[in-house]
Amino acid sequence: MAAHIAATIHEGGFDMQYLLMLYANEAGWSNMTKDQQQQGMAAYTAYTEALKKAGVWKGSNRLQPINSATTVRVADGKSQVLDGPYIDSKEQLGGYYLIDVPDLDSAISWAARCPSASHGTVEVRPVWAMPASSAAPAACTHEPRRRRASP
């Protein structure tokens with residue numbers, strides 16, 4: 001059904017939103033020289049500007065380091081809160097771009113141009129858009145109590 005809805009929306013002239021999730025080994029950044037870090041930031045700035053100029057950029061953000069993550073699960077009706085990520089992996093989710101493009105091929109093309117694609121992985125996933133009237137309210141509306149990650 002979701003595919004039918006997406007196809008109907010696209011046939012009506014609307015683009016689809018895709019989330020480009022950027023994965024890399026976050027330790028790689030600290031191993032770079034200042035010059036390499038500046039070049040990396042310039043590459044992401046140029047990429048973001050290209051997305052905006054093309055009119056496909058909807059949003060983007062970097063994430064705090066993985067050691068600032070908190071994992072929440074509910075088992076047998078009881079919350080389990082753990083410091084750290086859910087899984088341990090070689091690459092960590094470090095940020096994302098939300099883009100609005102005509103189709104998956106366009107999303108893949110933009111993902112291939114992302115600087116992360118050359119030193120990590122860019123996962124492309126279509127967003128399952130929900131009508132504004134049926135969107136669930138945010139479950140968590142307070143500021144979390146947690147330790148501050150050092151910059």
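Contact here means heavy atoms within 4.5 Å. Keep that in mind as we walk through this structure, which is a predicted model.

Let's start with aspartate 100, which sits in strand β5. Leaving aside neighbours within four places in sequence, this aspartate is in contact with Asp15, Met16, Gln17, Val56 and Lys58. Is aspartate 100 buried or exposed? Its relative accessible area is 16%, and since buried means under 20%, aspartate 100 counts as buried.

One of those contacts deserves a second look. Lysine 58 forms a salt bridge with aspartate 100, and the closest N and O atoms are 4.0 Å apart. The lysine belongs to strand β2 (residues 57-62) and the aspartate to strand β5, so the pair ties together parts that are 42 residues apart in sequence.

How many salt bridges does the structure hold? There are two. The other one to look at joins the side chains of glutamate 123 and arginine 125, with 2.5 Å from N to O. Here glutamate 123 is partly exposed at 26% relative accessibility, and arginine 125 is also partly exposed, with a relative accessible area of 44%.

Now step back to the whole chain. You'll find five helices and six strands, and reading along the sequence gives the pattern α-β-α-α-β-β-β-β-α-α-β. If you take the contacts with a separation of 6 or more, 76% of them are between residues 24 or more positions apart. Buried residues make up 20% of the 151 residues. The accessible surface comes to about 11300 Å², and carbon and sulfur atoms account for 56% of that.

On to the inside. In soluble globular proteins, nonpolar side chains tend to be buried together. In this model, the largest nonpolar core has 15 residues, and the ones touching the most other members are Leu20, Tyr47, Leu51, Tyr97, Ile99, Val101 and Trp110. Which elements give two or more residues to this core? They are β1 (16-24), α3 (34-53), β5 (92-101) and α4 (104-113). Of these, β1 gives the most, with four residues.

Not counting residues up to four places away in sequence, valine 101 touches Asp15, Met16, Tyr18, Val56, Ser106, Ala107 and Trp110.

Two of those names, Ala107 and Trp110, lead us into α4, where the buried residues are Ala107, Trp110 and Ala111. Looking down the axis of α4, you'd see these buried residues fall within an arc of 105°, so they line one face of the helix. What do the buried residues of α4 pack against? The answer is β1, α3, β5, α5 (116-119) and β6 (121-126).

Finally, the surface. Trp29, Met32 and Met41 form a nonpolar patch there, and together they have about 240 Å² of accessible area. Tryptophan 29 is placed in helix α2 (residues 27-30), and at 31% relative accessibility this residue counts as partly exposed.

Note on methods
Residues are numbered from 1 along each chain as its sequence is written. This is a predicted model: local features need pLDDT of at least 70, side-chain atom pairs count only at pLDDT 80 or more; totals for chains, interfaces and linings use all residues. Side-chain values use heavy atoms; hydrogens and water are left out. Patches are made of residues with over 30% relative accessible area and no salt bridge: like charges are joined within 9 Å, nonpolar side chains (Val, Leu, Ile, Met, Phe, Trp, Tyr) within 5 Å. Accessible areas come from the Shrake-Rupley method with a 1.4 Å probe; for residues, only the protein chains shown count as cover. Buried means under 20% relative accessible area, exposed over 50%, partly exposed in between (1.4 Å probe, protein chains only). A nonpolar core is a set of buried Ala, Val, Leu, Ile, Met, Phe, Trp, Tyr and Cys residues joined through side-chain atoms within 4.5 Å. The arc is that of the directions from the helix axis to the C-beta atoms.
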